[in-house]
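Keep the viewer open and follow along.

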Amino acid sequence: MVDWLPYFFAGLLVGAALAGIVGYKMLVRWQHAASDMETQLRSHSFELQVTLDELAEKNQQLEKQSQRDALSGIYNRAYFDRQMSAEVKRSRREQRSLAIILFDIDHFKKINDTYGHLAGDQAIKQVSAAILQQLKRPGDKLCRYGGEEFALILPNTTLAGARQLAEQIRQYMADNKLLLAEQHVSLTLSAGCYAAIPQPATNNDEYIAFADTALYRAKSAGRNQVQSYPPMAASDCLDIPGEVNEH
């Protein structure tokens, strides 16, 4: 009688060895597959992050473009409305004076009629650049309010400080000619100033209305001058102890 037990155990050992080899190969393949999958996931994750970063950058660019006036490059009317509302709320909370200046290019229609509308566009650009050159604080925001009119938001500034800056800008424009249509042209500005600590019911319209009243007075009085609401003498625009006047 053949003793089959040795063969049986030998078969078990061979089977176990083969199973171990097969299992090991399967484990190696699984590890390779898992490694490949992890590499792909990392690659996809990196590509996704790059795409998200590019989208975020494009959104920021679009947001900036939506805030800028296409012609002059300064802030536009929509930005002015939002920024002014924010500054009114902050000034009310901090109980600090907020000022606004409205500038208007004198006899702008005459520039268009005499030199052409392209020259008028050049005037808008050069006036914007000239006003920006006179600003010293990053918090002061210049906006194109409409047509040939500009609005300057001045946080933490009194009426005296606003008028002093407006006069500085007006004088600069009066002293320097612009190059329009290859000709040096004299151009002047009229300005209206208003400043106050916002009250609970204060809104943008109040500031605009009072500054516009002052601007209308400046133009009615002969243009190329600065007026304020309420009216104040030019001598009152000097630095006043205890008042905010950082320009």
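Helices here are DSSP runs of H or I with at least four residues, strands are runs of E with at least two, and both are numbered from the N terminus. Counted that way, the protein chain has six helices and seven strands. Read from the N terminus on, the order is α-α-β-α-α-β-β-α-β-β-β-α-β.

A word on ground rules. This is a predicted model, where local features need pLDDT of at least 70, side-chain atom pairs count only at pLDDT 80 or more, and totals for chains, interfaces and linings use all residues. Residues are numbered from 1 along each chain as its sequence is written, and side-chain values use heavy atoms, leaving out hydrogens and water.

Now the overall picture. Of the 247 residues in the protein chain, 37% are buried, where buried means under 20% relative accessible area, exposed means over 50%, and partly exposed is in between (1.4 Å probe, protein chains only).

Next, a helix pair. Two packed helices are described by the angle between their axes and the distance between the axes. Helix H2 (residues 77-94) packs on helix H6 (residues 204-220) at about 105 degrees, with the axes 9 Å apart. The axes are lines fitted to C-alpha atoms, for helices over the stretch in contact, and the angle runs from 0 to 180 degrees between N-to-C directions. That makes H2 roughly perpendicular to H6, a label for angles of 65 to 115 degrees (under 35 is roughly parallel, over 145 roughly antiparallel, and the rest oblique). On the H2 side, the contact uses Phe80, Asp81, Met84, Ser85 and Val88, while H6 brings Asn204, Tyr207 and Ile208.

Rings of Phe, Tyr and Trp (its six-membered ring) pair if their centres lie within 6.5 Å; planes under 30 degrees apart are stacked, over 60 edge-to-face, and the rest tilted. That rule gives six aromatic pairs. Take Tyr194 and Tyr229: their ring centres are 6.2 Å apart and their planes sit at 50 degrees, so the pair is tilted. Tyr194 belongs to strand E6 (residues 189-196) and Tyr229 to strand E7 (residues 226-229), so to speak a bridge between distant parts of the chain, 35 residues apart. Tyr194 is buried at 7% relative accessibility, whereas Tyr229 is partly exposed at 28%.

Tyr229 has another partner, Phe210, and this pair is stacked, at 4.4 Å centre to centre with 5 degrees between the planes. Because Phe210 lies in helix H6 and Tyr229 in strand E7, the pair ties together parts that are 19 residues apart in sequence. Phe210 is partly exposed, at 25% relative accessibility. Ring pairs link Tyr194, Tyr207, Phe210 and Tyr229 into a cluster.

Stay at Tyr229 for the backbone. Its peptide bond to Pro230 is cis, with omega near -5 degrees, and Pro230 lies in the segment after E7.

Which residues other than glycine have a positive phi? Arg223 is one of them, with phi near 70 degrees. Arg223 lies in the loop between H6 and E7 and is partly exposed, with a relative accessible area of 31%. His107 is another, with a positive phi of about 50 degrees, and His107 sits in the loop between strand E1 (98-105) and helix H3 (108-115).

Methods. Contact = heavy atoms within 4.5 Å.
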